Amino acid sequence: MQGCQVVAAMAGKSVEVEFVDEEKRASKEFKAINMTGKFPCLETEHGHINETAAIMKFFAHDHASLLGTNNVEKAKVDQWMFWAATSVPSIYPALKGIFGWAEVTQAEFNESNKAIKELLKVVWNDAVLHA
(Lines give C-alpha, C1' and ligand atoms only; values in the text may rest on other atoms or scores of the structure.)
Protein backbone atom coordinates (compact mmCIF):
# COMPACT_ATOMS: atom_id res chain seq x y z
CA MET A 1 0.00 0.00 0.00
CA GLN A 2 2.82 2.41 0.82
CA GLY A 3 4.17 2.06 -2.72
CA CYS A 4 0.79 3.09 -4.10
CA GLN A 5 0.71 6.14 -1.83
CA VAL A 6 4.24 7.13 -2.89
CA VAL A 7 3.43 6.90 -6.60
CA ALA A 8 0.16 8.78 -6.10
CA ALA A 9 2.04 11.59 -4.35
CA MET A 10 4.71 11.66 -7.07
CA ALA A 11 1.95 11.90 -9.68
CA GLY A 12 0.25 14.71 -7.75
CA LYS A 13 -2.83 12.68 -6.89
CA SER A 14 -4.48 12.54 -3.49
CA VAL A 15 -5.53 9.22 -2.01
CA GLU A 16 -7.83 8.47 0.87
CA VAL A 17 -6.80 5.31 2.73
CA GLU A 18 -9.36 3.14 4.46
CA PHE A 19 -8.29 0.26 6.66
CA VAL A 20 -10.78 -2.57 6.34
CA ASP A 21 -11.56 -4.75 9.34
CA GLU A 22 -12.30 -8.48 9.12
CA GLU A 23 -16.06 -7.96 9.42
CA LYS A 24 -16.20 -5.66 6.39
CA ARG A 25 -13.71 -7.81 4.50
CA ALA A 26 -16.00 -10.83 4.96
CA SER A 27 -19.13 -8.99 3.82
CA LYS A 28 -20.89 -9.85 0.59
CA GLU A 29 -20.73 -6.20 -0.52
CA PHE A 30 -16.98 -6.03 -0.07
CA LYS A 31 -16.39 -9.32 -1.85
CA ALA A 32 -18.36 -7.94 -4.80
CA ILE A 33 -15.82 -5.13 -5.27
CA ASN A 34 -12.72 -7.05 -4.19
CA MET A 35 -13.06 -10.55 -5.55
CA THR A 36 -9.45 -11.55 -4.85
CA GLY A 37 -9.64 -10.39 -1.24
CA LYS A 38 -6.17 -8.91 -1.64
CA PHE A 39 -4.97 -5.51 -0.64
CA PRO A 40 -4.61 -2.86 -1.70
CA CYS A 41 -7.84 -2.27 -3.54
CA LEU A 42 -8.42 1.08 -5.26
CA GLU A 43 -11.91 2.41 -5.80
CA THR A 44 -12.18 4.64 -8.88
CA GLU A 45 -15.13 6.22 -10.66
CA HIS A 46 -14.73 3.51 -13.33
CA GLY A 47 -14.47 0.51 -11.01
CA HIS A 48 -12.06 -1.16 -8.63
CA ILE A 49 -8.41 -2.08 -9.18
CA ASN A 50 -6.51 -4.69 -7.18
CA GLU A 51 -2.78 -5.42 -6.93
CA THR A 52 -0.09 -2.94 -6.01
CA ALA A 53 1.62 -2.81 -9.42
CA ALA A 54 -1.65 -2.18 -11.26
CA ILE A 55 -2.61 0.60 -8.85
CA MET A 56 0.81 2.24 -9.06
CA LYS A 57 0.66 2.19 -12.86
CA PHE A 58 -2.88 3.60 -12.73
CA PHE A 59 -1.61 6.60 -10.72
CA ALA A 60 1.47 7.03 -12.93
CA HIS A 61 -0.27 6.92 -16.33
CA ASP A 62 -0.97 10.65 -16.53
CA HIS A 63 2.52 11.65 -15.37
CA ALA A 64 5.08 12.63 -18.00
CA SER A 65 7.91 10.34 -16.89
CA LEU A 66 6.96 8.01 -14.01
CA LEU A 67 6.43 5.09 -16.39
CA GLY A 68 9.50 5.92 -18.48
CA THR A 69 10.02 8.15 -21.48
CA ASN A 70 11.29 5.54 -23.93
CA ASN A 71 10.90 1.80 -24.44
CA VAL A 72 13.95 0.86 -22.37
CA GLU A 73 12.84 3.02 -19.42
CA LYS A 74 9.31 1.62 -19.66
CA ALA A 75 10.66 -1.93 -19.65
CA LYS A 76 12.87 -1.10 -16.64
CA VAL A 77 9.82 0.19 -14.75
CA ASP A 78 8.06 -3.12 -15.42
CA GLN A 79 11.21 -5.07 -14.56
CA TRP A 80 11.52 -3.49 -11.14
CA MET A 81 7.79 -3.67 -10.44
CA PHE A 82 7.70 -7.40 -11.19
CA TRP A 83 10.91 -7.91 -9.19
CA ALA A 84 9.44 -6.09 -6.20
CA ALA A 85 6.17 -8.00 -6.43
CA THR A 86 7.96 -11.35 -6.27
CA SER A 87 10.92 -10.45 -4.04
CA VAL A 88 9.75 -7.98 -1.43
CA PRO A 89 7.28 -10.30 0.37
CA SER A 90 10.28 -12.21 1.75
CA ILE A 91 11.15 -9.21 3.93
CA TYR A 92 7.71 -8.86 5.53
CA PRO A 93 8.55 -10.91 8.64
CA ALA A 94 11.41 -8.53 9.50
CA LEU A 95 9.20 -5.50 8.90
CA LYS A 96 6.46 -6.98 11.08
CA GLY A 97 8.97 -7.50 13.88
CA ILE A 98 10.65 -4.11 13.53
CA PHE A 99 7.43 -2.11 13.40
CA GLY A 100 5.49 -4.30 15.83
CA TRP A 101 2.82 -5.25 13.30
CA ALA A 102 2.90 -8.87 14.42
CA GLU A 103 4.91 -11.33 16.47
CA VAL A 104 7.61 -13.17 14.55
CA THR A 105 9.99 -15.86 15.71
CA GLN A 106 13.69 -15.18 15.88
CA ALA A 107 14.24 -17.69 13.06
CA GLU A 108 11.66 -15.92 10.82
CA PHE A 109 13.23 -12.55 11.60
CA ASN A 110 16.75 -13.82 10.85
CA GLU A 111 15.69 -15.41 7.55
CA SER A 112 13.86 -12.25 6.53
CA ASN A 113 16.85 -10.11 7.51
CA LYS A 114 19.05 -12.23 5.21
CA ALA A 115 16.51 -11.66 2.41
CA ILE A 116 16.71 -7.88 2.98
CA LYS A 117 20.48 -7.98 2.58
CA GLU A 118 20.23 -9.98 -0.64
CA LEU A 119 17.56 -7.69 -2.10
CA LEU A 120 19.59 -4.59 -1.26
CA LYS A 121 22.62 -6.13 -3.01
CA VAL A 122 20.53 -6.54 -6.17
CA VAL A 123 19.35 -2.93 -6.06
CA TRP A 124 22.85 -1.63 -5.23
CA ASN A 125 24.49 -3.63 -8.03
CA ASP A 126 21.97 -2.37 -10.57
CA ALA A 127 22.46 1.23 -9.39
CA VAL A 128 26.25 0.92 -9.64
CA LEU A 129 26.01 -0.75 -13.04
CA HIS A 130 23.83 2.05 -14.42
CA ALA A 131 25.43 5.02 -12.66
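Which helix do the buried residues of α1 pack against? The model at hand is a predicted one, so a word on bookkeeping comes first: local features need pLDDT of at least 70, side-chain atom pairs count only at pLDDT 80 or more, and totals for chains, interfaces and linings use all residues. Residues are numbered from 1 along each chain as its sequence is written, and side-chain values use heavy atoms, with hydrogens and water left out.

The chain holds seven helices and two strands, with helices (H or I, at least four residues) and strands (E, at least two) taken as DSSP runs and numbered from the N terminus. Walking along the sequence gives the pattern α-α-α-β-β-α-α-α-α. Put along the principal axes, the C-alpha atoms fill a box of roughly 50 × 45 × 20 Å. Of the 131 residues, 21% count as buried, where buried means under 20% relative accessible area, exposed over 50%, and partly exposed in between (1.4 Å probe, protein chains only). Among contacts (heavy atoms within 4.5 Å) between residues at least 6 apart in sequence, 38% join residues at least 24 apart.

Back to the opening question: the buried residues of α1 pack against α4. In α1 (2–10), the residues C4, V7 and A8 are buried. They span an arc of only 105° around the axis, which puts them on the same side of α1; the arc is that of the directions from the helix axis to the C-beta atoms. Just after α1, G12 adopts a positive phi of about 75°.

Leaving out residues up to four places away in sequence, A60 touches V7, L66 and L67. A60 and K13 are 47 residues apart in sequence, yet their C-alpha atoms are 9.3 Å apart in space.

The loop between β2 and α4 contains E51. Most residues other than glycine have a negative phi, and most peptide bonds are trans. E51 is a residue other than glycine with a positive phi, near 85°. With a relative accessible area of 38%, E51 is partly exposed.

Next up is the second largest pocket. Rolling a probe the size of a water molecule over the atoms shows where empty space is left. On a 1 Å grid over the protein atoms alone, a pocket is an open set of points where a 1.4 Å probe fits, with protein on both sides within 12 Å along at least five of seven lines, and lining residues have an atom within 4 Å of a point. The second largest pocket has a volume of about 190 Å³, the volume being the space filled by probe spheres set on the points, which are joined across faces, edges and corners. Its lining is made up of G3, V6, V7, M10, M56, K57, A60, L66, L67, V77, W80 and M81. By class, the lining splits into ten nonpolar, one polar and one charged (Ala, Val, Leu, Ile, Met, Phe, Trp, Tyr, Cys and Pro are nonpolar, Asp, Glu, Lys and Arg charged, and the others, Gly among them, polar).

V123 is partly exposed, at a relative accessible area of 36%. Setting aside neighbours within four places in sequence, V123 is in contact with W80 and W83. V123 and A9 are 114 residues apart in sequence and 23 Å apart in space, C-alpha to C-alpha.

Lastly, the cysteines. A search of the whole structure turns up zero disulfides, a disulfide being a pair of cysteine sulfur atoms within 2.5 Å. For C4, the nearest cysteine sulfur is that of C41, 11 Å away. C41 is likewise in no disulfide. C4 counts as buried, at 5% relative accessibility, whereas C41 counts as partly exposed, at 26%.
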